[in-house]
Amino acid sequence: MPFPERLIEQIRQRTDLVELVSEVVPLKRVGKNYAGLCPFHAEDTPSFYVHPDWGIFKCFGCGKGGNAITFVMEYYRMSFPEAVRFLAERAGIELPEEPTEERELSHTQQLYRALQAAARLYHSLLFSPAGTTAYRYALGRGLSEQTLRQFQLGYAPNAWDTVLTELRRQGFSEALLLEAGLLVRSEQGTLYDRFRDRLIFPIHDTVGRVVGFGARRLREEEPTPKYINSPATPLYDKSKLLYGLYHARHALRSSGYALLVEGYMDALALHQAGLDTAVATAGTALSRDQLRLLRRYCQQLFVVYDADSAGQQATLRALELALAEGFDVRIVVLPAGEDPASFLQSQGKEAFLMRLRSAVPFLEFVLLEYQRRGALDTPEGQVQAVRHAVRLIATIPDRLLHEFLLRRLAARFALPESLLYAELQAVGANQSSTASPSPPPRPSTEAAAPTPSPLKELLTEEREILRALLLQPHLRHQLQPGEPESVLLSERARQLWQLIQELTQRYAEPVLTIAADPQLQQSTEGQLLLELAIVQQSPSPRWLEYVQEFRELDWGAVLRENLLRLRLRGIEQRLQQLRAAQAQAQSWVQQQQLLHQIQELLDERLRCQQQLEHR
Ligand SMILES: [Zn+2]
């Protein structure tokens, strides 16, 4: 084990699991737990639970569960050491030593390392004499030195082998550098640097790892493309990344809106001006994947495009996707020939904020486009525009909005609302019958078929008894001899009790042990116990009172009450059996024996009932 136990414990204590999970799915408080839509499988109703005090999570849909480290491993597809390092960094805990030999790292880790090393190299070169031209260029475009450092901009020198030589010296293989997209193989088979004499923009994933680069040429007269990007690699898929998202992530969450721009320079200019919710779709048309990624952070989308590109069909179609993903989309149009960076530079931040405040809702923008093209001058054109608008409204997931938008549309074209309703219904029916329904807006990594949990076989009382004994192992000292076996009614409950006993003898805190141990966790029993630990609802109104009156649940009371209730259930079952037997009994002696047993049970039932009432 490369990390000391103490470190893992420290990470666990300092990591707020609710906060960690909230970065990828919104959570809502439910009793002592938090619930939300599972990030590991597609679902419409929340079955993903987080227990804040225990620092564990559990999905009742797909069964995934664990602690902060396993969450990071699963969600961000990291290895155990990577996840530990990631969380330690997040919690401000210093790691003992820079660990592990290069060969121990997974192939993916090595790719990340190569990209990180390249980013460092480019960055240092930007501030070296070799990078003077690039540095001056960046400053000339209005970027400050602080921005260059914050976003780790760099310079790829005008040579064929800068990265090749330096990273090979650092121990990276040529094959790896090629796979990372840093090198190109010529037709003759020789390898050379992909990026040469360019300003480098490292592209980060949502957790801040460099996954690729954008690169801008420095000399306008060069006959090469203005921008080039990393090719598709195992880590870099440009349609699934947004430039600036990593740096914008906190601001996006707190403000609830994003400023979507087209280029690296635009995103940087906005961040530098303090508009730090800017993200860019560098080098690609806005994709559904990008929208879903962004939707995890915010709900409002300001699209800042220049007058030429905003009205283009490709842009409009992309924004229709945004509407369907549940974004409130607004368009900020800049004067022709201006991009956000140049606009900020020439007009200043106040002017930009003015534009932002007068942003046009997307639906309105579409109609304005019809108007601009002169299409609203004819009845046919008007019909086309109205149909288009209704079709867009139909894609909006929030049905409540449909009514408001339709009303506005009806007023605008002086049409009866009922007519538009009919149209909307026609469109809706059409969409649901012919087109494939749009998949839920969630990162469904794999579709795990939810299986009914074996815990459903348990009686509520059994479940609560086992849960109390699992979470509060010391309560077993309060049990009477023979309990709880003597009262447990189902076979499954007895099996689980066996397991809980074994675990509590071995570990002081069994639940935390399960959550931290991937092997235990993946075993059927581990899954069951974890599920048991996170209660989905309070089984009786009485316990809800306990929770509200006392900050902590009185586990002893829960245990005693459920033991009694379960004992009562057992008595009822036994009584039924005896009465049935009595009805069948042949001899008088048999009758008397049964009657005697029934009387004893009735007495015991009374005692139990009294105890339950006097508690
Ligand atoms: Zn799930």
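Is Thr-277 buried or exposed, and how many other C-beta atoms lie within 10 Å? Thr-277 is buried, because 26 other C-beta atoms lie within 10 Å (buried: 20 or more such atoms; exposed: 12 or fewer; partly exposed: in between; C-beta atoms are placed from the backbone). The model is predicted; local features need pLDDT of at least 70, side-chain atom pairs count only at pLDDT 80 or more, and totals for chains, interfaces and linings use all residues. Residues are numbered from 1 along each chain as its sequence is written.

Thr-277 sits in the loop between α11 (264-272) and β13 (278-280). Helices (H or I, at least four residues) and strands (E, at least two) are DSSP runs, numbered from the N terminus. Leaving aside residues up to four places away in sequence, Thr-277 touches Ala-248, Ala-251, Leu-252, Ser-255, Tyr-257, Ala-258 and Leu-259 (contact: C-beta atoms, placed from the backbone, within 7 Å). Leu-528 lies 251 residues from Thr-277 along the chain, and their C-alpha atoms are separated by 42 Å.

An open sheet is formed by 5 strands, ordered β1-β2-β3-β4-β5, with antiparallel pairing (pairing: at least two DSSP bridges between two strands). β1 (28-30) and β5 (65-67) are at the edges; each has a single partner strand, so one side of each lacks a neighbour in the sheet. From one strand to the next, the twist averages 25° (axes are lines fitted to C-alpha atoms, for helices over the stretch in contact; angles run from 0 to 180 degrees between N-to-C directions). β1 pairs with β2 (residues 33-36) in the antiparallel sense over 3 bridges. Arg-29 stands opposite Tyr-34 in β2. Helix α25 (residues 524-533) packs on the sheet and touches β4 (56-59) and β5. The direction of α25 makes about 105° with that of β4.

Definitions and conventions
Contact = placed C-beta atoms within 7 Å.
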